[in-house]
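This report takes up charged side-chain pairs and strand pairing in one protein model. Please keep the sequence and the coordinates at hand while reading.

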Amino acid sequence: MTKMTLGSYPHMLGFEQLERLLERTAKGSEGYPPFNIEQTSDHSYRITLAVAGFAESDLSITVEDRQLVIRGRQSDESEGRIFLHRGIAARQFQRSFVLAEGVEVGEAVMENGLLHVDLTRAQPETIVQTIKIRATHGKETS
């Protein structure tokens, strides 16, 4: 089977970075913590992660190279405690979301064990540019 790349489409110029972003996003998609992505208006989105057991200080949200990265690291406070059953693990996670050009990260809010991160997408202006055609009048210049 042949792998299709964006380079296979001659009319799509300058999209090599998009292809790299897609490959990077496809790697490392584990299932923890679960999340939702919802469209809240024509130009805004909300990512919601289930982060029960995490405090605000256990979480960090950064934007790195057009990628939203949400990390969680709980401190293991089980020292001196004796568990008869331990089903709630203190573990860390990292979730990444690739952001399109013009998508900005807004507010982040913790509510009832859910972390909400709001995103907005700026509407680009439509620009029409006319390119002049220069005539060489049959003479080659070097």
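## Basis of the model

The model is predicted, so that local features are reported at pLDDT of at least 70 and side-chain atom pairs only at pLDDT 80 or more, while totals for chains, interfaces and linings use all residues. Residues are numbered from 1 along each chain as its sequence is written, and side-chain values use heavy atoms, with hydrogens and water left out.

Strand E1 (residues 35-41) pairs with E2 in the antiparallel sense over 6 bridges, and the two form a hairpin with 2 residues between them. Ser41 has Ser44 in E2 as its bridge partner. On the pairing of E2 with E7, the model shows 7 bridges, again in the antiparallel sense, and Ile47 stands opposite Val117 in E7.

## Salt bridges

Side chains of opposite charge can pair when their charged atoms come close. With a salt bridge taken as a side-chain nitrogen of Lys or Arg within 4 Å of a carboxyl oxygen of Asp or Glu, a search of the whole structure finds 3. One of them joins Arg46 and Asp118, whose closest N and O atoms are 2.7 Å apart. Arg46 belongs to strand E2 (residues 44-50) and Asp118 to strand E7 (residues 114-121), so this pair ties together parts that are 72 residues apart in sequence. Relative accessible area is classed here as buried (under 20%), exposed (over 50%) or partly exposed (in between), using a 1.4 Å probe and protein chains only; Arg46 is partly exposed at 23%.

Another salt bridge lies between Arg66 and Glu101, at 3.2 Å from N to O. This pair also links distant parts of the chain, 35 residues apart, with Arg66 in the loop between strand E3 (59-63) and strand E4 (67-73) and Glu101 in the loop between strand E5 (92-98) and strand E6 (103-111). Arg66 is partly exposed at 28%, whereas Glu101 is exposed at 63%. In the salt bridge of Arg71 with Glu64, the N to O distance is 3.1 Å; Arg71 is partly exposed at 28%, and Glu64 is likewise partly exposed, at 34%.

## The surroundings of Asp118

How accessible is Asp118? At 19% relative accessibility, Asp118 counts as buried. Its side chain is joined to that of Arg46 by a polar contact of 2.7 Å, a term for a pair of N or O atoms within 3.5 Å which, within protein, requires one atom able to donate a hydrogen and the other to accept it, residues adjacent in sequence counting only if both atoms are side-chain atoms.

Leaving aside residues up to four places away in sequence, Asp118 touches Tyr45, Arg46, Glu104, Val105, Gly106 and Glu107, contact meaning heavy atoms within 4.5 Å.

How values were computed
Helices (H or I, at least four residues) and strands (E, at least two) are DSSP runs, numbered from the N terminus. Two strands pair if DSSP finds at least two bridges between them.
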